[in-house]
Every structure is written in C-alpha cells, then in structure tokens.
Amino acid sequence: MAMVGIAFSLGFIIGPMIGAGFAAYSRRNGVVDIFLYPALFSLLLQILDLLLVVKFLPETLATTKRAKSVVQNLKESLNFIDPRRLVEFAAVKGLAAADRVHIRRVGMAYFLYLFFFSGLEFTLTFLMHSRFQYDSEQQGKMFLFIGIIMILVQGGFVRRMAPGREKRTALMGFGLTIPGFIIIALAGTQALVFLGLALYSTGSAVVAPCLSTLVANYGRDDQKGTVLGIFRSLGALARAFGPLFSSVLYWSFGPTVSYFIGGLMILFPLMILKR
C-alpha cells in the first residue's frame with residue numbers, strides 16, 4: 001500500500017510542476033485561455049492511461065465467478081452506487097458480524113477524514129492567494145513541497161513499518177493533521193503556513209496507506225478487490241462532496257474559521273477509528 005501511496009505522491013510532485021510550466025508558458029506567450037493546454041495534456045494522459053490498462057492489466061476474475069446475467073449484474077451494482085450500501089460494505093458477503101463492524105468503522109473513518117481533508121486541500125490555493133498573493137507558479141511550488149514530504153514519509157517510514165502497527169500509525173496521522181490545519185488557520189506568515197503544511201502532509205501520507213492495509217485484512221482472498229474497491233469508492237465520494245462543503249464554509253466564514261473548524265472535525269474519524 002505504501003508503494004501505491006508513493007505513486008500518488010509522485011503525481012502530486014510532477015502534476016503541479018507541469019501545471020506551473022503551462023501557466024508560465026501561457027503568460028509569456030499571451031495565451032488567453034490558460035486552461036486549454038493543461039486540459040488537452042490531461043486528456044492525452046487519460047487516453048494513454050486507458051491504453052496501458054487495456055494492454056498490461058488483463059482481467060483477473062475467473063469466468064466462473066463473473067455475473068451470470070446483465071440483470072444480476074445491474075442489481076449487484078447498486079451495492080457500489082448507493083452510499084448507504086457502500087458504508088455497510090454490502091457487496092462483501094459472508095463477513096462475520098464483528099468483522100463487518102470493524103470494516104465499517106475503518107471505512108467511515110476514511111470517508112470522514114477525506115471529506116474534511118480534501119475539502120480544505122481544495123481551498124488551500126484560495127487561502128494562499130488571498131493571504132500571500134501566490135500566483136500559479138508559487139502554488140505549484142507549494143504543492144511540490146507537499147508532494148516531497150509525502151513521498152519521503154511513505155518511502156522512508158510507511159514502507160518499512162512493521163505489520164500490525166497500521167491502526168496506531170493512522171491515529172498518529174490524524175493527530176498530526178489536526179494541528180496542521182489549525183496552524184494554517186491562524187498563521188500570519190509563510191513560515192507558519194509551511195509548518196502547518198508539513199504536519200498535514202506527514203499526516204495524510206500515513207493515513208491512506210495504513211487504512212487501506214487495515215481494510216484489506218477483511219474478506220476472503222477472492223473478495224479483496226471488492227473490499228478495496230468499496231474503500232476507494234468511499235474516498236471518491238468524500239472527494240466529490242468535501243470540496244463543495246469546504247468551499248461554502250470558506251467563502252461564508254473565511255479561511256481562519258473554515259480551517260480551524262476543519263481541523264477540529266478530524267477528531268471525528270480519529271474517535272471512530274480509536275474505538
């Protein structure tokens with residue numbers, strides 16, 4: 001899981017650098033639509049990604065385990081669409097009652113963490129522009145700083161972590177994220193903001209891989225893909241609605257209140273996982 005996290009962190013490093021490069025090119029050459037080239041480049045990467053998946057990732061599900069009909073498949077697909085069924089991990093059949101309680105707890109902690117985390121992360125560019133007048137290139141360098149910390153933590157610490165310490169380490173990640181956002185909320189200097197960014201980057205670097213490893217312990221071997229798929233779907237759902245919630249909070253009450261409240265909200269997933 002740490003290696004998957006490292007891949008995400010690499011994207012977090014390279015992506016903003018590419019965006020900053022496009023911004024600089026557009027400004028130097030008087031391009032009116034500064035989003036044109038980044039959008040086309042992103043489309044090209046998505047097409048390339050699809051081709052790589054088709055070429056190098058063959059279907060691993062045995063024919064005997066596939067849905068027998070389209071109707072059956074559609075009925076079962078509700079387990080992956082309905083948020084209530086996602087939280088319940090309804091598609092994972094045959095789980096012991098205690099295991100289902102534990103997996104729901106991990107899934108809910110992950111959803112709430114990403115809901116608040118991704119929302120505050122989304123408004124970070126607004127904060128840096130309004131508070132310190134950061135332009136697109138400086139924003140790219142800021143995300144480069146975040147990505148470097150994440151890859152160092154995941155490659156140097158999480159990857160070498162002894163099995164069985166995932167829950168404790170995830171709780172530590174929650175604990176680092178809270179003061180990180182509160183420091184950002186109250187910071188009046190760039191140095192303090194980057195201290196907060198360092199804490200929240202370190203926290204986020206350990207939370208996702210540790211929770212992924214925790215949730216992967218549940219279910220039979222042939223259910224691991226379903227378990228992780230539902231887990232990632234909860235993350236995608238959080239990333240869809242978290243920025244909407246945080247943006248309303250940010251533009252209604254300002255960065256100080258929104259980041260302070262958002263930091264405190266991380267206490268909820270921490271308490272859920274700690275139980």
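Reader: Where is leucine 78, and what makes it partly exposed?
Author: Leucine 78 sits in the loop between α3 (70–77) and α4 (83–88). Helices here are DSSP runs (H or I, at least four residues), numbered from the N terminus. Its relative accessibility is 42%. Buried means under 20% relative accessible area, exposed over 50%, and partly exposed in between (1.4 Å probe, protein chains only). So leucine 78 counts as partly exposed.

Author: A note on the source: this is a predicted model, where local features need pLDDT of at least 70, side-chain atom pairs count only at pLDDT 80 or more, and totals for chains, interfaces and linings use all residues. Residues are numbered from 1 along each chain as its sequence is written, and side-chain values use heavy atoms, with hydrogens and water left out.

Reader: Why is glutamine 154 called buried?
Author: Glutamine 154 belongs to helix α6. Its relative accessible area is 3%, so glutamine 154 is buried.

Reader: Why is α5 called oblique to α6?
Author: The axes of α5 (residues 97–132) and α6 (residues 136–156) cross at roughly 125 degrees and come within 11 Å. Therefore α5 is oblique to α6. Under 35 degrees counts as roughly parallel, over 145 as roughly antiparallel, 65 to 115 as roughly perpendicular, and the rest as oblique. Axes are lines fitted to C-alpha atoms, for helices over the stretch in contact, with angles from 0 to 180 degrees between N-to-C directions.

Reader: Which residues of α5 and α6 meet?
Author: Leu124, Thr125, Met128 and His129 in α5 meet Gln139, Met142, Phe143 and Ile146 in α6. Contact means heavy atoms within 4.5 Å.

Notes
Helices (H or I, at least four residues) and strands (E, at least two) are DSSP runs, numbered from the N terminus.
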